[in-house]
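I set out to record what I looked up in this structure, entry by entry. The notes are meant for a reader who has not seen it before.

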Amino acid sequence: MVEWIAEYLDGGNRQHPVLAQVEPGDVAARLPDEMPTVGEDPEAVWQDFLDIVLPGVTHWNHPGFMAYFGITGSGPGVLGEMLSAALDVNGMLWRTCPSATELELKVLDWLRRGLGLPEDFFGFLTDTASISSLLALAAAREAADPEIRHRGMNGRDDLPAMRVYASDQAHSSIAKACLTLGFGLDGFRAVPHDAEYRMDSEALTRMVAEDRAAGLRPLAVVATVGTTSTTSVDPCNEIAKICAREALWMHVDAAYAGSIALSEDYRWCLDGCERADSFVFNPHKWLFTPIDASALYTRHPETFKRAFSLVPEYLTTPLSGQVVDLMDYGVQLGRRFRALKLWWVLRCFGLEGIRDRHQRHIAMARDFADWIDAEPAFERMAPRPFSVVCFRARPEDLEGETLDAFNMKLLEQVNASGEIFLSHTKLDDGVALRVAIGNLGTVETDVVRCQELLSEGRACLSAR
Ligand SMILES: Cc1ncc(COP(=O)(O)O)c(C=O)c1O
């Protein structure tokens with residue numbers, strides 16, 4: 001199995017269609033309804049993995065994966081993950097695995113330094129950015145109302161409805177956090193964007209003032225560094241000033257783009273984030289770490305503890321209160337040894353190695369954007385700050401919905417090739433296709449192949 005994994009990572013992944021070419025139900029139909037009564041030969045299980053499971057896998061770890069955000073579960077990360085599964089520790093308390101806690105805090109501190117974030121940022125790992133942002137907004141709620149911990153929000157006449165602000169380009173996880181925390185979807189306020197898909201900070205100021213005048217309780221602003229559709233960067237300095245003036249919690253969602261700030265040339269994208277109350281980025285996105293691993297930082301760890309810590313007798317230890325017990329900073333009790341894979345990645349690549357890979361990804365995205373700009377048959381739909389390009393085919397005679405439909409067909413045609421997988425989004429001018437580069441195996445010829453498939457697909461659809 002280890003050999004198979006090594007071969008897979010070393011180009012074997014190219015033998016598979018990047019987007020699973022199965023119909024709904026195909027995989028399930030080949031699996032028995034009952035679980036086995038007696039243990040089976042692992043060889044038989046392996047064969048079924050190859051025959052039944054593998055055809056239904058969309059290969060995120062494939063050089064042709066350019067959908068959503070390209071990611072890589074790198075060799076070192078996979079090895080770290082294997083070790084963590086073998087040890088099977090639960091790092092809920094310092095005592096239940098001192099190394100899990102101490103390695104996690106150390107690795108997160110390395111990354112904090114690497115990103116140029118302030119010393120008083122305390123960092124820990126969660127599974128995903130969605131959960132990191134949920135925890136951060138729960139901490140914001142705790143900070144805003146000291147009675148929330150005991151009285152909650154139910155039936156309280158003294159507690160005005162809370163409002164969380166993020167740009168209309170923010171990830172849906174922010175609105176989901178509002179749903180989960182009891183603010184409701186009405187509690188999420190989508191701030192309009194400017195011409196480059198960044199939050200309009202003047203509109204934010206206006207919306208906060210309107211909500212206060214209406215008797216509502218502005219609570220937090222979520223700034224995005226690297227929005228999901230176009231990777232635009234919100235004006236964090238401006239947002240930080242507004243948050244300071246209005247006494248609002250500032251959370252930064254840098255899930256995708258945070259990693260790039262490990263390169264000095266890209267530090268600018270975190271300008272203003274040093275003033276945030278909390279900050280998240282995902283090593284499982286652009287830091288070569290197998291999913292899942294999300295790094296959450298805050299300068300108010302005590303607020304997180306107030307929001308979440310609840311210690312029953314059976315979880316007390318002689319060192320309770322003297323050591324960091326990571327169960328105190330979030331909802332879950334059990335914690336995987338996620339830091340191990342991240343440590344392997346950081347040790348084996350080093351800062352220079354990471355920067356070098358990022359530069360290559362950005363160079364390929366730049367080349368692709370240049371190609372789009374030079375091709376009359378295509379047009380660019382947003383700036384390209386990092387390694388994602390938004391564009392569309394532009395047949396002369398099409399507009400509006402027919403143009404969108406044409407691009408959706410083109411997308412399906414490219415994806416049916418099994419060589420490249422792209423995704424789409426909707427921008428101000430309509431449907432945009434996205435090329436997102438982030439896999440360590442992706443090379444220039446993959447980008448050229450993507451261009452060929454797009455050109456061929458466009459010509460073929462136009463001819464119909
Ligand atoms: C900006 C942003 N935030 C949050 C998320 C959610 O990430 P996760 O899957 O780790 O919850 C994404 C996912 O693409 C994202 O782009």
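The entries below cover the ligand site, the cysteines, the backbone, a surface patch and a pair of residues.

**Entry 1: the model.** I note at the outset that this is a predicted model.

**Entry 2: the ligand.** I began with the surroundings of the ligand. Which residues come nearest to the ligand? I found 13 residues around the ligand, of which Ala 129, Ser 130, Thr 228, Asp 253 and Asn 282 come nearest. Asp 253 has a polar side-chain atom 2.6 Å from a nitrogen atom of the ligand. I next looked up the cover over the ligand: on its own the ligand has 390 Å² of accessible area, and the protein covers 86% of this.

**Entry 3: the cysteines.** How many disulfides does the count give? I recorded 0 disulfides. Cys 97 counts as buried because its relative accessibility is 11%, under the limit of 20%. Cys 460, at 33%, counts as partly exposed.

**Entry 4: the backbone.** I turned to peptide bonds and phi angles. Most peptide bonds are trans, and most residues other than glycine have a negative phi. Where is there a cis peptide bond? I found one joining Ile 291 and Asp 292, with omega about 15°. Asp 292 sits in the loop that runs between α11 (283-286) and β7 (294-298).

I recorded two residues with a positive phi. Tyr 68, which is not glycine, has a phi near 45°. I located Tyr 68 in the loop between α3 (42-53) and α4 (75-87). With 45% relative accessibility, Tyr 68 counts as partly exposed. Thr 231, also a residue other than glycine, has a phi near 65°. The loop between β4 (217-224) and α10 (236-246) holds Thr 231. Is Thr 231 buried or exposed? I noted a relative accessible area of 0%, so Thr 231 is buried.

**Entry 5: a surface patch.** Which residues make the nonpolar patch? Val 2, Leu 79 and Met 82 make it, and its area is about 250 Å². I placed Val 2 in helix α1, which spans residues 2-9. Val 2 counts as exposed because its relative accessibility is 52%, and the limit for that term is over 50%.

**Entry 6: Leu 135 and Ala 44.** My last entry concerns Leu 135, which I found in helix α6 (residues 129-144). Its relative accessible area is 4%, so Leu 135 is buried. I then looked up the separation of Leu 135 from Ala 44. The two residues are 91 residues apart along the chain, and 43 Å separates their C-alpha atoms.

Technical notes:
Residues are numbered from 1 along each chain as its sequence is written. This is a predicted model: local features need pLDDT of at least 70, side-chain atom pairs count only at pLDDT 80 or more; totals for chains, interfaces and linings use all residues. Side-chain values use heavy atoms; hydrogens and water are left out. Patches are made of residues with over 30% relative accessible area and no salt bridge: like charges are joined within 9 Å, nonpolar side chains (Val, Leu, Ile, Met, Phe, Trp, Tyr) within 5 Å. Accessible areas come from the Shrake-Rupley method with a 1.4 Å probe; for residues, only the protein chains shown count as cover. A salt bridge is a side-chain nitrogen of Lys or Arg within 4 Å of a carboxyl oxygen of Asp or Glu. Helices (H or I, at least four residues) and strands (E, at least two) are DSSP runs, numbered from the N terminus. Buried means under 20% relative accessible area, exposed over 50%, partly exposed in between (1.4 Å probe, protein chains only). A residue is near a molecule or strand if one of its heavy atoms lies within 4 Å of it. A polar contact is a pair of N or O atoms within 3.5 Å; within protein, one must be able to donate a hydrogen and the other to accept it, and residues adjacent in sequence count only if both atoms are side-chain atoms. A disulfide is a pair of cysteine sulfur atoms within 2.5 Å.
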